[in-house]
Amino acid sequence: MIHARGLHKSYPDGDGQPQRVLAGADLDVAEGELVAVVGPSGCGKSTLLNLLGGLDVEYQGEIEVGGKKLRGLSDCELSLFRNRTVGFVFQSFNLLAPLTALQNVMLPSYFGSHGGEGGPQLEQRARAALARVGLEAKSGRRPAELSGGERQRVAIARALFGQPRLILCDEPTGNLDEKTGAEIIDFFVKLVREEKLTMVVVTHEERVSRAAAKVLRLKEGQLVAEGSRA
C-alpha cells in the first residue's frame with residue numbers, strides 16, 4: 001500500500017537555518033497492515049504523515065500509495081487522491097463546532113466527487129459510518145454535546161466516509177483517558193482485521209504501539225524497525 005524511499009524534509013529554525021526532520025527515511029506498509037510510528041514530540045512523525053497523505057509536497061524522495069506516485073501530481077489530482085484513497089484522524093478531532101455529528105462526517109462530500117451520489121445517498125453513507133463507530137443515535141448532536149471519545153469516533157467516521165483504503169492517524173489517543181483510548185485502539189485493530197484497511201498511526205504512547213503489527217521508531221530522521229507482532 002505504501003512504498004516510500006529516501007524521504008528528506010527540513011524546516012527553517014528561528015535563525016532561518018534548515019532544521020532536518022527526515023533524513024533519507026524509507027517506509028513499506030503492506031495492505032491490511034497496522035503500523036505504529038513512535039518517537040518523541042517534534043521528531044517528525046506528523047511531517048511523515050503529511051507527506052504520505054499528500055498534504056505536503058515540499059520534500060525529496062519518492063512516495064507511492066496504492067500504486068499511485070505522488071510526485072508530480074497537480075493540486076487537483078492530490079485532492080482527489082486524498083478524497084478517495086486516504087482518511088485522516090487527528091488528536092484534536094478537527095470537528096466544526098456549529099455542525100452536527102452527521103454534518104461533520106459528511107464534510108468530505110463538499111470537497112470532491114462521490115460517484116454521482118446525491119444528498120440522500122451521501123447522508124445514508126454518513127449514517128452508516130456513524131453506525132460503524134456506534135454513534136448513529138447521536139447523529140444530531142454537536143461536538144460540545146459529545147464526550148472526548150465520542151468526538152474521536154465522529155472523526156473516525158468522517159475518515160471512513162470516503163471508503164478509503166488507507167487511514168492515517170496523528171496521535172489519535174493523545175486527548176483521551178486510558179479507558180477511552182484503549183477502546184479507540186481496539187476499534188482500530190478491528191477495522192484492520194475485519195475490513196482489511198491499512199492504517200499508519202504516529203504516536204508517542206506505548207498503548208498504541210502494543211496493538212500494532214509492526215512498530216517503527218523515527219530516530220535522527222530515519223525509520224528503524226523495533227520488532228513485529230503476530
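Okay, let's start with a pair of helices. Helix 5, residues 148-161, packs against helix 6 at an angle of about 20°, and their axes are 10 Å apart. Bear in mind that this is a predicted model. If you wonder why I give two values, packed helices are described by the angle between their axes and the distance between those axes. Angles under 35 degrees count as roughly parallel, so helix 5 and helix 6 are roughly parallel to each other. Their crossing is right-handed.

Who makes that contact? From helix 5 we have Gly149, Gln152, Arg153, Ile156 and Leu160, and helix 6 brings Thr180, Glu183, Ile184, Phe187, Phe188 and Leu191. Sort the residues of this contact by type and you get six nonpolar, three polar and two charged. When you look at the spacing along each helix, remember that an α-helix has 3.6 residues a turn, so residues three or four places apart point the same way.

Now let's walk back to the start of the chain. Strand 1 covers residues 2-12, strand 2 covers residues 18-29, and the two run antiparallel, joined by nine bridges. Together they form a hairpin with five residues between the strands, and in that turn glycine 16 has a positive phi of about 85°. You can follow the pairing residue by residue: histidine 3 stands opposite aspartate 28 in strand 2, while proline 12 is across from proline 18 of strand 2.

How far is it from alanine 25 in space? C-alpha to C-alpha, glycine 6 and alanine 25 are 5.2 Å apart, although 19 residues separate them in sequence. Leaving out residues up to four places away in sequence, glycine 6 touches Gly24, Ala25, Asp26, Gln60 and Gly61.

On to helix 1, residues 45-52. Why do we say that helix 1 is largely enclosed by the rest of the structure? Because six of its eight residues are buried. Those are Lys45, Thr47, Leu48, Leu49, Leu51 and Leu52. Just after helix 1 comes glycine 54, with a positive phi of about 75°.

Helix 2, residues 75-85, has buried residues too: Leu78, Phe81, Asn83 and Thr85. What covers them? The cover includes helix 1, strand 4, strand 5, strand 6 and strand 7.

Phenylalanine 93 has a phi of about 70°, and it sits in the loop between strand 6 (86-90) and helix 3 (101-106). Buried means under 20% relative accessible area, so phenylalanine 93, at 8% relative accessibility, counts as buried.

Then there's glutamate 171, with a positive phi of about 50°. You'll find glutamate 171 in the loop between strand 7 (166-170) and helix 6 (178-195). Its relative accessibility is 7%, so glutamate 171 counts as buried. And helix 6 takes us back to the packed pair with helix 5 where we began.

Definitions and conventions
Residues are numbered from 1 along each chain as its sequence is written. This is a predicted model: local features need pLDDT of at least 70, side-chain atom pairs count only at pLDDT 80 or more; totals for chains, interfaces and linings use all residues. Side-chain values use heavy atoms; hydrogens and water are left out. Buried means under 20% relative accessible area, exposed over 50%, partly exposed in between (1.4 Å probe, protein chains only). Helices (H or I, at least four residues) and strands (E, at least two) are DSSP runs, numbered from the N terminus. Axes are lines fitted to C-alpha atoms, for helices over the stretch in contact, and angles run from 0 to 180 degrees between N-to-C directions. Angles under 35 degrees count as roughly parallel, over 145 as roughly antiparallel, 65 to 115 as roughly perpendicular and the rest as oblique. A crossing is left-handed if the near helix is turned anticlockwise from the far one by less than a right angle, and right-handed if clockwise. Contact means heavy atoms within 4.5 Å. Ala, Val, Leu, Ile, Met, Phe, Trp, Tyr, Cys and Pro count as nonpolar, Asp, Glu, Lys and Arg as charged, and the others, Gly among them, as polar. Two strands pair if DSSP finds at least two bridges between them.
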